[in-house]
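Have a look at the sequence and structure first, and then we can go through the surroundings of the ligands and some individual side chains.

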Amino acid sequence: MSPQRYRFFLVMLGLSVFSKGYSDFTNTEQLLAEMSVIKNDPILLEQALVSGKERALLCGNCHGKNGNSVRDYIPNLASQNAAYLFNQFELFATGERKDYVMGRLAKGFSREDKINIALYFSVMPVEPRELSVTVTAQGEKIYQSYCFTCHQKDGHGDGSYPRIAGQPYQFLIKTLNGFSGGDKKRANSPMTVIVANMNEQQLKEVAAYVASMP
Ligand code: HEC
Ligand code: HEC
């Protein structure tokens, strides 16, 4: 990217984050506060994790019993940030994020269920998976120049910024291509602006690097 392109990119980034709205921000703050009350009380946490595990039984068919997905095109939920899990579940329920199965599933849970399920998966460890693609220096460079600003240096994200480290390669490339190809499934994602100036090769390389991150 030329310096001009890069500056333009940063301005667009600022605009998109800002226009994503103050209400999203306050909702997430409130959710994080609610979750931290549970996390700071060993009894509440134990109850939440037991109930979350019970409610998440069905999810294991696709996302794996402990949140390590059983198919390369399905995301891991293990070690995902709880607020992100909750928010995405909400987006599936309202139809803002489109996926047939997830849309139907997401409508069936109470707010409390969703918090418990999110907390449950967030404490499960990610199991390393075998990589079928080669990691390049260019992939790392793209990640550590742009992506880290929201997803952190280690790819673990924070709050409503998802952990992407260790996600299956197929899921990552499918998702990035979707953001870049104007796919309507996640039309309001800030990611559409981020990948707008990236070509297919760059997306592949950054996806391989992200998949390899522990
Ligand atoms: C039949 C398979 C299937 C089942 C069962 C299923 N999911 Fe999913 N889930 C998917 C697929 C496929 C995606 C990816 C959709 C996409 O590409 O946007 C997904 C995406 C998600 C995401 C978004 C993750 C991310 O990283 O963006 C969350 C959160 C989620 N599922 C939670 C659940 C929970 C909780 C359950 C159980 C109540 C569940 N899923 C059950 C197939 C399933
Ligand atoms: C301005 C902040 C920001 C930057 C920079 C950013 N992302 Fe994201 N990214 C997000 C947010 C917020 C989400 C989740 C919200 C959504 O997509 O609905 C996300 C989602 C994703 C997802 C989907 C995760 C999932 O589990 O569904 C992938 C993959 C991803 N980003 C990869 C990248 C890559 C690769 C880069 C660098 C080229 C990057 N991101 C740069 C904010 C950012």
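Which side chain has an N or O atom 2.9 Å from an oxygen atom of ligand 2? One that does is the side chain of Arg186.

This is a predicted model, in which local features need pLDDT of at least 70 and side-chain atom pairs count only at pLDDT 80 or more, while totals for chains, interfaces and linings use all residues. Residues are numbered from 1 along each chain as its sequence is written, chains are lettered from A and ligands numbered from 1 in the order in which they are written, and side-chain values use heavy atoms, with hydrogens and water left out.

**Around ligand 2**

- The shell around ligand 2 has 24 residues, with Cys147, Cys150, His151, Ser189 and Met191 the closest; a residue is near a molecule if one of its heavy atoms lies within 4 Å of it.
- Polar contacts here are pairs of N or O atoms within 3.5 Å; within protein, one must be able to donate a hydrogen and the other to accept it, and residues adjacent in sequence count only if both atoms are side-chain atoms.
- Ser189 has a polar side-chain atom 2.5 Å from an oxygen atom of ligand 2, and Tyr84 has one at 2.9 Å from an oxygen atom of this ligand.
- Two or more residues of this shell come from each of α1 (3–19), α5, α8 (137–151), α9 (169–180) and α10 (191–194); helices are DSSP runs (H or I, at least four residues), numbered from the N terminus.
- By class, the shell around ligand 2 holds 18 nonpolar, 5 polar and 1 charged residues; Ala, Val, Leu, Ile, Met, Phe, Trp, Tyr, Cys and Pro count as nonpolar, Asp, Glu, Lys and Arg as charged, and the others, Gly among them, as polar.

**Around ligand 1**

- Ligand 1 has 18 residues around it, and Cys59, Cys62, His63, Arg97 and Met102 come nearest.
- An N or O atom in the His63 side chain is 2.8 Å from a nitrogen atom of ligand 1.
- Tyr84 has a side-chain N or O atom 2.9 Å from an oxygen atom of ligand 1, and a polar side-chain atom of Lys174 also lies 2.9 Å from an oxygen atom of this ligand.
- At least two shell residues come from each of α4 (60–63), α5 and α6, and α5 gives the most, with 4 residues.
- The shell around ligand 1 divides into 14 nonpolar, 1 polar and 3 charged residues.

**Aromatic rings**

- The structure holds 3 aromatic pairs, meaning rings of Phe, Tyr and Trp (its six-membered ring) whose centres lie within 6.5 Å; planes under 30 degrees apart count as stacked, over 60 as edge-to-face and the rest as tilted.
- In one pair, Phe89 and Phe109 have ring centres 5.7 Å apart and planes at 40°, so the pair is tilted.
- This pair links distant parts of the chain, 20 residues apart: Phe89 is in helix α5 (residues 82–94) and Phe109 in the loop between α6 (100–106) and α7 (111–122).

**Asn68 in its loop**

- Asn68 sits in the loop between α4 and α5.
- Its relative accessibility is 7%, so Asn68 counts as buried (under 20% relative accessible area, with exposed over 50% and partly exposed in between; 1.4 Å probe, protein chains only).
- A polar atom of the Asn68 side chain lies 2.7 Å from the backbone nitrogen of Glu127.
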